[in-house]
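These are my notebook entries on a single model.

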Amino acid sequence: MKSLFDGAAIGQGWPGDEDNGEFSAWWLLVSMGLYPLDVASGFFVLTTPQLPAVTWTRPDGTRLSVRTQGEGIYSAAVSVNGQVWTSPLIAASLLHGDCEIVVTLSPEPTGWGRGQAGPGWLEGQGYRHDLTSRGRLLGENDDVARLTDDEGVTPVDLAVGARLELVAEKDEPARVWTLTAAEPGEVEVSVSVRRQGGAGVRR
């Protein structure tokens, strides 16, 4: 959001065609922490709001309010109309009348929403869970834990031949591996997957 929509001060700020208001509507929803992952599903994904407080007043007088408390870029807790909310999903129907969403922020990941099952449409779309958030990354130094913080601003220097080991909490298959290099160049990586106490499979 911050990198793609920068430049408003000089009359820019859009990474592409504004599309007759559709892009700005998307920006408003995402800035409020309501991500329309699949608009036909009837659900929004709750993400960290980019704005401290937003209130929409509809023609019928009902209000949709989203506000944050605390500081940080991670969601630590969420309440909907005063009730504790543990799911990262919220039905669009709950937003139609008066609705207040309060998001408590944290500077560090707290695991809020982790492990919550989504509706069938989400699983059917091949939604992938981040296994690195459910395990421990081990290496030659403590800095390797920063490799799984989902922030591109925290690179870690690894020596040639460095070995990393991800110990998952559950026995789940890893289908996709993603590696982001801090600088352009060629990187050769060997991945070995094995069950605890079992033989490894090198890929």
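**Sheet and surface entries**

I began with strand E4 (residues 63-69) and strand E8 (residues 99-106), which pair in the parallel sense over six bridges. I note that the model is predicted.

Leucine 64 stands opposite cysteine 99 in E8, and valine 66 stands opposite isoleucine 101 in E8.

Next I turned to E3 and E4. These strands run antiparallel and are joined by five bridges. Valine 54 has valine 66 in E4 opposite it.

Five residues lie between its strands, and glycine 61 takes a positive phi near 95 degrees.

I then placed these strands in their sheet. The sheet is open, has five strands in the order E3-E4-E8-E5-E6, and is mixed in its pairing. Strand E3 (53-57) and strand E6 (83-85) are the edge strands, each pairing on one side only. On average, neighbouring strands of this sheet are turned by 20 degrees against each other, direction ignored.

Last, I looked at the surface. Leu147, Leu158 and Leu164 form a nonpolar patch there, with about 230 Å² of accessible area together. I located leucine 164 in the loop between strand E9 (135-138) and strand E10 (165-168).

Conventions
Residues are numbered from 1 along each chain as its sequence is written. This is a predicted model: local features need pLDDT of at least 70, side-chain atom pairs count only at pLDDT 80 or more; totals for chains, interfaces and linings use all residues. Side-chain values use heavy atoms; hydrogens and water are left out. Patches are made of residues with over 30% relative accessible area and no salt bridge: like charges are joined within 9 Å, nonpolar side chains (Val, Leu, Ile, Met, Phe, Trp, Tyr) within 5 Å. Accessible areas come from the Shrake-Rupley method with a 1.4 Å probe; for residues, only the protein chains shown count as cover. A salt bridge is a side-chain nitrogen of Lys or Arg within 4 Å of a carboxyl oxygen of Asp or Glu. Helices (H or I, at least four residues) and strands (E, at least two) are DSSP runs, numbered from the N terminus. Two strands pair if DSSP finds at least two bridges between them. Axes are lines fitted to C-alpha atoms, for helices over the stretch in contact, and angles run from 0 to 180 degrees between N-to-C directions.
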